Amino acid sequence: FSASDKKLLKELKVLEKVPDSLYMVARSLGLQRKFDSSRLVCRYGLTKSPNFHDLRVLLARTYAWNSQFDSATMVLDEVLRRAENYEDAYNAYSDVAYWNDYSDLAMKMAKTGLERNPASFDLKARVARGLLEQNRVNEARQMIIEILEKQPTNELANQLNQRLKNL
């Protein structure tokens with residue numbers, strides 16, 4: 001880390017924090033659209049805990065939120081290299097691909113993640129989103145109904161359900 005990085009980490013009062021606390025700080029900064037600071041905290045946290053996959057996924061999402069999709073996918077590839085079944089990496093990868101108009105890749109990542117995590121409602125919702133993108137409305141509708149019956153608060157499934165109502 002550069003001298004200015006260390007200075008900012010000190011100003012953010014994160015030098016003595018444990019990785020879970022670093023995640024919360026980085027997440028808050030990311031949600032405030034302070035992407036560079038969020039990424040700095042993520043990278044710092046990963047030096048303390050290299051396999052803290054939530055930090056790495058958050059790092060990838062901050063890249064995606066800033067339209068740096070290549071960087072986001074590189075980070076997500078690293079998460080999946082380290083933990084090939086890590087559910088949230090597949091969720092994030094599917095989202096990043098979707099946001100970048102790579103709907104086939106978004107669907108592939110959601111399906112692969114779902115094969116590895118068959119009980120995941122979040123991945124099922126991403127598969128349903130892919131089905132809608134492919135204009136397979138009836139299949140998507142059935143999947144969304146199944147998700148909402150078991151998890152009525154699933155945010156993406158509710159968004160997709162609303163989208164179906166507007167068709």
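View 1. The model is predicted: local features need pLDDT of at least 70, side-chain atom pairs count only at pLDDT 80 or more, and totals for chains, interfaces and linings use all residues. Residues are numbered from 1 along each chain as its sequence is written, and side-chain values use heavy atoms, with hydrogens and water left out. A pocket is an open set of points on a 1 Å grid over the protein atoms alone, where a 1.4 Å probe fits, with protein on both sides within 12 Å along at least five of seven lines; lining residues have an atom within 4 Å of a point. Grid points are joined across faces, edges and corners, and the volume is the space filled by probe spheres set on the points. The lining consists of Asp88, Asn91, Asp95, Tyr98, Trp99, Asp122, Arg126, Arg129, Asn154, Glu155, Leu156 and Gln159. Two or more of these residues come from each of H6, H8 and helix H10 (155–165), and H6 gives the most, with 5 residues. Helices are DSSP runs (H or I, at least four residues), numbered from the N terminus. The lining has 3 nonpolar, 3 polar and 6 charged residues, where Ala, Val, Leu, Ile, Met, Phe, Trp, Tyr, Cys and Pro count as nonpolar, Asp, Glu, Lys and Arg as charged, and the others, Gly among them, as polar.

**View 2. The second largest pocket holds about 180 Å³ of space.** Its lining is made up of Tyr23, Arg27, Leu31, Asp54, Val57, Leu58, Arg61, Trp65 and Asp88. Helix H2 (19–31) and H4 each give two or more residues to this lining, with the largest share, 5 residues, coming from H4. By class there are 5 nonpolar, no polar and 4 charged residues.

**View 3. Arg61, Asp95, Arg126 and Arg129 are linked in a network of salt bridges.** A salt bridge is a side-chain nitrogen of Lys or Arg within 4 Å of a carboxyl oxygen of Asp or Glu; the structure holds 9 of them. Between Arg61 and Asp95 the closest N and O atoms are 3.1 Å apart. Arg61 belongs to helix H4 (residues 53–65) and Asp95 to helix H6 (residues 87–99), so this pair ties together parts 34 residues apart in sequence. For the salt bridge of Asp95 with Arg126 the closest N and O atoms are 2.9 Å apart. Arg126 lies in helix H8 (residues 121–133) and Asp95 in helix H6, so these two tie together parts 31 residues apart in sequence. Arg61 is buried at 14% relative accessible area, and Asp95 is buried at 4% (buried: under 20%; exposed: over 50%; partly exposed: in between; 1.4 Å probe, protein chains only). Arg126 is also buried.

**View 4. Arg136 forms a salt bridge with Glu139.** The closest N and O atoms are 2.8 Å apart. Arg136 is partly exposed at 30% relative accessibility, and Glu139 is partly exposed at 40%.

**View 5. Tyr90 is a buried residue in helix H6.** Its relative accessible area is 4%. Beyond four places in sequence, Tyr90 touches Leu80, Glu84, Asn85, Met109, Thr112, Gly113, Arg116, Asn117 and Leu123 (contact: heavy atoms within 4.5 Å). The C-alpha atoms of Tyr90 and Leu80 are separated by 8.2 Å.

**View 6. Ser38 is found in helix H3 (residues 35–48).** Ser38 is buried, with 0% relative accessible area. Apart from neighbours within four places in sequence, Ser38 contacts Ala26, Leu29, Gly30 and Thr62.
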